[in-house]
Amino acid sequence: MSSLSIFSVLFLVSLSYFPYVSSISFTLPPGQEKCLREEVHKDVLVTGEYKLSAAPHMKTHLTVSDSTGHVLYKKEDATKGKFAFTTDDYDMYKVCLESEGTAGAGIDREVFLNVKHGVEAKNYEDLAKAEKLKPMEVELKRLEDLGDAIVNDFAYMRQREQEMRDTNAGQNFNHGSQQIKIHTVKIPKVPLAVETNSSTVF
C-alpha cells in the first residue's frame, strides 16, 4: 500500500471518530417542539439545511441558539431554507422546531434537517473554482483541513483533561487543608483537679 493510501485510510478512520454531519428526519406533531443539540468548538463554521412537509393552516418555527439563549437564526413559518453562522465560543448549540396548534389535532409534519460544521461545512467546489484547483488538489486541501480539525479536537481534549486534573487537585488540597485546621484547633486548658480524702485541690 502506498504512503498516500495509508494517509487516506488514517484520515478516514479518524473521521469515523469525529462526526461533522448531523442529518436526521423526524415527525413533528402539532403543539410540540423538538431540538437537535450539539457541542461545537470556537470559530467553527456551522451550516444547516431544512425542509418540512406541507401542512395547511399550520405554522412551524425554527430557531438556532446557544446555551445562553442568544438567537443565531430564526425563521417564522419555516418550510424550506438554509442557515449558517460561525461560533464565538465552545458551546452547546441547538436547533429547535416548534409547531403551532393543539396536541392531538392537526397534521403531523415530516422534518428533514441536515447540519454540518467544520470541514464538512466548507464549500470546496467554490474554493476549487476560485483558486482553479484540480480535483486532487481539492481533496488534499480537504484532508489538510480535516487534519487541522482533528489536531484541534485532540488539543481541546487534552486541555479539558488538564483542567479537570487541576480542579480535582484543588479540591483535594482544600479538603486536606480543612482536615489540618480541624487537627490544629487549640483546646482551652482545663485546670487539673486532684482529689484528696477530705477536699479537692486545684
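The following legends describe close-up views of a predicted model of a protein chain.

**View 1. Confidence along the predicted chain.** The mean pLDDT of the protein chain is 76, with 73% of its residues at 70 or more. Residues 1-19 have a pLDDT below 50, and this stretch makes 17 contacts in the model beyond near neighbours in sequence. Residues 180-202 likewise have a pLDDT below 50, with nine contacts in the model beyond near neighbours in sequence. Where pLDDT is low, the predicted coordinates should not be read in detail.

**View 2. The open sheet of strands S2, S7, S4 and S5.** Four strands form an open sheet in the order S2-S7-S4-S5, with antiparallel pairing. Strands S2 and S5 are the edges, each of them pairing on one side only. From one strand to the next, the twist averages 10°. Within this sheet, the antiparallel strands S4 and S5 are joined by four bridges. Val64 has Tyr73 in S5 as its bridge partner.

**View 3. The disulfide between Cys35 and Cys96.** One disulfide is counted in the model, and the two cysteines that form it are Cys35 and Cys96, with an S to S distance of 2.0 Å. The link of Cys35 and Cys96 is right-handed, with 110° about the S-S bond. Because Cys35 belongs to strand S2 (residues 33-40) and Cys96 to strand S7 (residues 91-99), the pair ties together parts that are 61 residues apart in sequence. Which of the categories buried, partly exposed or exposed applies to Cys35? Cys35 counts as partly exposed, because its relative accessibility is 30%. Cys96 has a relative accessibility of 7% and therefore counts as buried.

View 4. Which side chain makes a polar contact with the side chain of His61? The partner is the side chain of Glu76, at 2.8 Å. A polar atom of the His61 side chain also lies 3.1 Å from the backbone nitrogen of Asp77. Leaving aside residues up to four places away in sequence, His61 touches Lys75, Glu76, Asp77, Cys96, Leu97, Glu98 and Glu100. Cys96, one of the residues touched by His61, is also a partner in the disulfide with Cys35.

View 5. His57 is found in the loop between strand S3 (45-52) and strand S4 (60-65). With a relative accessibility of 87%, His57 counts as exposed. Asp77 is placed in the loop between strand S5 (71-75) and strand S6 (80-86). The relative accessibility of Asp77 is 35%, so Asp77 counts as partly exposed. The backbone nitrogen of Asp77 is the atom that lies 3.1 Å from a polar atom of the His61 side chain.

View 6. Ser53 counts as partly exposed, because its relative accessibility is 24%. Which residues does Ser53 touch, not counting residues up to four places away in sequence? They are Asp108, Arg109 and Glu110. A polar atom of the Ser53 side chain lies 2.8 Å from the backbone nitrogen of Glu110. The C-alpha atoms of Ser53 and Thr79 are separated by 7.3 Å, although these residues are 26 apart along the chain.

**View 7. Strand S3 with its partners S6 and S8.** Strand S3 pairs with S6 in the antiparallel sense over seven bridges. Strand S3 also pairs with strand S8 (residues 109-117), in the antiparallel sense and over seven bridges. Gly48 stands opposite Phe83 in S6, whereas Glu49 has Asn114 in S8 as its bridge partner. In a regular strand the side chains alternate between the two faces of the sheet.

Methods. Residues are numbered from 1 along each chain as its sequence is written. This is a predicted model: local features need pLDDT of at least 70, side-chain atom pairs count only at pLDDT 80 or more; totals for chains, interfaces and linings use all residues. Side-chain values use heavy atoms; hydrogens and water are left out. A disulfide is a pair of cysteine sulfur atoms within 2.5 Å. Helices (H or I, at least four residues) and strands (E, at least two) are DSSP runs, numbered from the N terminus. Buried means under 20% relative accessible area, exposed over 50%, partly exposed in between (1.4 Å probe, protein chains only). Contact means heavy atoms within 4.5 Å. A polar contact is a pair of N or O atoms within 3.5 Å; within protein, one must be able to donate a hydrogen and the other to accept it, and residues adjacent in sequence count only if both atoms are side-chain atoms. Two strands pair if DSSP finds at least two bridges between them. Axes are lines fitted to C-alpha atoms, for helices over the stretch in contact, and angles run from 0 to 180 degrees between N-to-C directions. pLDDT is the predictor's confidence in each residue, from 0 to 100.
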